[in-house]
Amino acid sequence: MDKINIRTNSRSEMIDFTRQLSNLIPKSFKSGVCHVFCRHTTAGLTINENADPAVRHDLLAAAEQFVPWNNPVFRHLEGNSAAHLKASLMGFSQTIPVEAGRLCLGTWQGIYFCEFDGPRNREVLVQFIGDYHA
Ligand code: ZN
């Protein structure tokens with residue numbers, strides 16, 4: 001099991017950690033899947049466009065419209081229910097096929113850590129499951 005530490009810098013943010021993830025693929029890993037897991041309740045993981053940064057902006061802006069920070073129905077005393085909900089909407093894990101030492105992402109795909117209650121120090125667990133060279 002590997003771990004990626006991510007320092008977030010604002011309340012809501014999408015951080016591309018595709019390169020860090022690629023760098024963890026073991027030389028001996030032949031083929032299989034990379035499983036990544038976010039160990040937090042107010043941050044999640046998603047895969048989306050890595051070309052136009054406006055896509056990240058738009059996803060975060062729309063998420064804020066769907067789930068505003070303040071909502072009179074929220075009871076959670078910590079005051080960050082919006083962050084909990086956005087994290088659940090994104091999900092807490094992703095699975096990416098790996099072949100010939102590379103993540104099999106599409107040309108325009110990157111994997112993002114989605115912060116919804118930053119800034120914080122976060123961590124993502126990484127496992128490579130499949131066939132290894134002897
Ligand atoms: Zn909370």
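Along the chain, the donors of the zinc ion are spaced as H-x1-E-x1-N-x3-H. Keep in mind that this is a predicted model.

**The zinc site**
- Four residues supply the protein donors of the zinc ion: H76 through NE2, E78 through OE, N80 through OD1 and H84 through NE2.
- Those donor atoms sit 1.9 to 2.2 Å from the zinc ion.
- What do the angles make of the arrangement around the zinc ion? The four donor atoms subtend 91 to 148°, so the arrangement is irregular. To pass as tetrahedral, four donors would need all their angles between 85 and 135 degrees.
- For reference, the ideal angle for four tetrahedral donors is 109.5 degrees.

- H76 has a relative accessibility of 36%, so it counts as partly exposed.
- H84 comes in at 23% relative accessibility, so H84 counts as partly exposed too. The cut-off for buried is under 20%.

**The loop between β5 and β6**
- A100 belongs to the loop that runs between β5 (93–99) and β6 (102–103).
- Its phi is near 50°, which is a positive value in a residue other than glycine.
- Is A100 buried or exposed? A100 counts as exposed because its relative accessibility is 67%, and the exposed class starts over 50%.

**The loop between β7 and β8**
- Look for P119 in the loop between β7 (109–115) and β8 (121–132).
- The peptide bond leading from G118 to P119 is cis, and its omega is near -5°.

How values were computed: Residues are numbered from 1 along each chain as its sequence is written. This is a predicted model: local features need pLDDT of at least 70, side-chain atom pairs count only at pLDDT 80 or more; totals for chains, interfaces and linings use all residues. Side-chain values use heavy atoms; hydrogens and water are left out. Helices (H or I, at least four residues) and strands (E, at least two) are DSSP runs, numbered from the N terminus. Buried means under 20% relative accessible area, exposed over 50%, partly exposed in between (1.4 Å probe, protein chains only). Donors are N, O and S atoms within 2.8 Å of the metal (3.2 Å for Na, K and Ca); water is not among the atoms, so sites may look incomplete. Four donors count as tetrahedral if all angles lie between 85 and 135 degrees; four count as square planar and six as octahedral if opposite donors are over 155 degrees apart and all others between 65 and 115; anything else is irregular.
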